[in-house]
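Me: I would like to learn how the terms for a protein structure are applied. Please take me through them one by one.

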Amino acid sequence: VPAGVGVVQYGSLFSEYGVALAVSLVISTVAALLATVGVFVHVKQRMGVS
Amino acid sequence: VNSFRLWVYLQATPLFWLTATLGAFLVADGVARAAGRHPLVNPVLIAVALVAILLRLSGTDYQTYFNGAQFVHFLLGPATVALAVPLYRNIALVRRNLLPMTAALIVGAFVAIVSAVGVAAALGAPHVVLVSLAPKSITAGVAMAVSESLGGLPSLTAALVIATGIIGAIVVTPLMNALGIRDYAARGFAAGLASHGIGTARAFTVDPVAGVFAGVAMGLNAVATPVMVPLILPWLTK
């Protein structure tokens with residue numbers, strides 16, 4: 001929580017680049033989740049791990 | 001006048017902001033519990049908003065707040081180490097999945113860095129923001145150190161780390177359910193890798209095995225991302 005509250009320091013930066021950051025965070029988080037789970041399941045199936 | 005003096009006195013006391021942070025989290029956790037732990041009702045997000053509103057209303061700067069609340073921040077370290085307990089209890093399961101974990105770690109960490117920096121750069125974010133953004137998928141303490149060593153803004157990185165964790169915790173369950181992924185080891189590993197401790201906390205509320213693999217992913221990514229970022233960043237920010 002204390003680290004997250006740090007956003008209050010960057011009002012001007014967020015007003016200028018907030019959209020870029022928000023779009024980047026959402027796309028990147030979803031992409032990382034999909035890539036990670038996809039590779040994990042694929043390799044596991046190829047290995048025949050239960 | 002007396003209540004104003006009392007407020008001025010309390011505000012200058014480090015314990016006040018520590019208490020306010022714990023109080024905000026208790027309220028936020030109560031709201032999340034009342035909502036049945038729905039992923040959209042994230043207790044960290046609610047607590048951050050409550051404290052930010054309190055800072056704005058009281059005219060308190062972030063450094064004054066952090067001086068009081070830093071003990072909670074310090075506990076991030078011991079909390080991360082405590083993840084070793086469920087890992088030890090499930091060590092055989094983790095060993096069986098060593099190769100899938102290694103492959104998923106390399107690909108997932110790479111995708112997290114390249115997609116974040118690539119999209120932000122395409123949308124016009126400056127170099128200092130891109131550097132601060134690159135380590136956003138790992139635990140706050142390590143991410144801040146990576147950001148600082150490469151010329152980023154550590155406290156901006158901390159905010160982006162928390163935002164990433166909250167986004168991951170919100171989207172992971174609906175996304176995995178929509179894809180029909182029923183392997184809780186894979187689901188948890190993805191949650192921990194993409195959204196560190198907040199994703200790990202979310203994974204533990206869904207399934208204990210998911211929580212164990214999320215904790216492992218979070219720990220491994222705290223090693224992989226600091227190695228990858230200095231290698232990848234120069235290519236992305238040319």
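Reply: Start with helices. Helices (H or I, at least four residues) and strands (E, at least two) are DSSP runs, numbered from the N terminus. This is a predicted model, where local features need pLDDT of at least 70, side-chain atom pairs count only at pLDDT 80 or more, and totals for chains, interfaces and linings use all residues. Residues are numbered from 1 along each chain as its sequence is written, chains are lettered from A and ligands numbered from 1 in the order in which they are written, and side-chain values use heavy atoms, leaving out hydrogens and water.

Me: What makes B:R33 and B:D29 a salt bridge?
Reply: A salt bridge needs a side-chain nitrogen of Lys or Arg within 4 Å of a carboxyl oxygen of Asp or Glu. The closest N and O atoms of B:R33 and B:D29 are 3.4 Å apart, so the pair qualifies. B:R33 and B:D29 are four residues apart in helix α2 of chain B, so about one helical turn separates them.

Me: Why is B:D29 called buried, and why is B:R33 called exposed?
Reply: Buried means under 20% relative accessible area, exposed over 50%, partly exposed in between (1.4 Å probe, protein chains only). B:D29 has 18%, so B:D29 is buried. B:R33 has 53%, so B:R33 is exposed.

Me: How many salt bridges are there over all chains?
Reply: The search of the whole structure finds two. B:D183 lies in the loop between α11 and α12 of chain B, and A:K44 lies in helix α1 (residues 11-47) of chain A, so this pair joins two chains. Their side chains meet at 2.8 Å, N to O. B:D183 has 21% relative accessibility, so B:D183 is partly exposed. A:K44 has 9%, so A:K44 is buried.

Me: How do you know how big the interface of chain B and chain A is?
Reply: Chain B and chain A bury about 4100 Å², 82% of it on carbon and sulfur atoms. B:Y62, B:P100 and B:I167 supply 13% of the area that chain B buries against chain A, more than any other three residues. Contact means heavy atoms within 4.5 Å. The contact takes 63 residues from chain B and 38 from chain A.

Me: What makes α4(B) kinked?
Reply: The bend at a residue is the angle between axes fitted to the seven residues ending there and the seven starting there. In α4(B) there is a kink of about 55°, centred on B:G68. B:G68 is also one of the buried residues of α4(B), which include B:Y62 and B:F66.

Me: Where does B:D61 cap α4(B)?
Reply: B:D61 caps the N-terminal end. A side-chain oxygen of B:D61 lies 3.1 Å from the backbone nitrogen of B:Q63.

Me: What is the phi of B:H196?
Reply: Most residues other than glycine have a negative phi. B:H196 is not a glycine, yet has a positive phi of about 40°. B:H196 is found in helix α12 of chain B. Its relative accessible area is 4%, so B:H196 is buried.

Methods:
Buried area is the accessible area (1.4 Å probe) that two parts lose on being put together, summed over both. A polar contact is a pair of N or O atoms within 3.5 Å; within protein, one must be able to donate a hydrogen and the other to accept it, and residues adjacent in sequence count only if both atoms are side-chain atoms.
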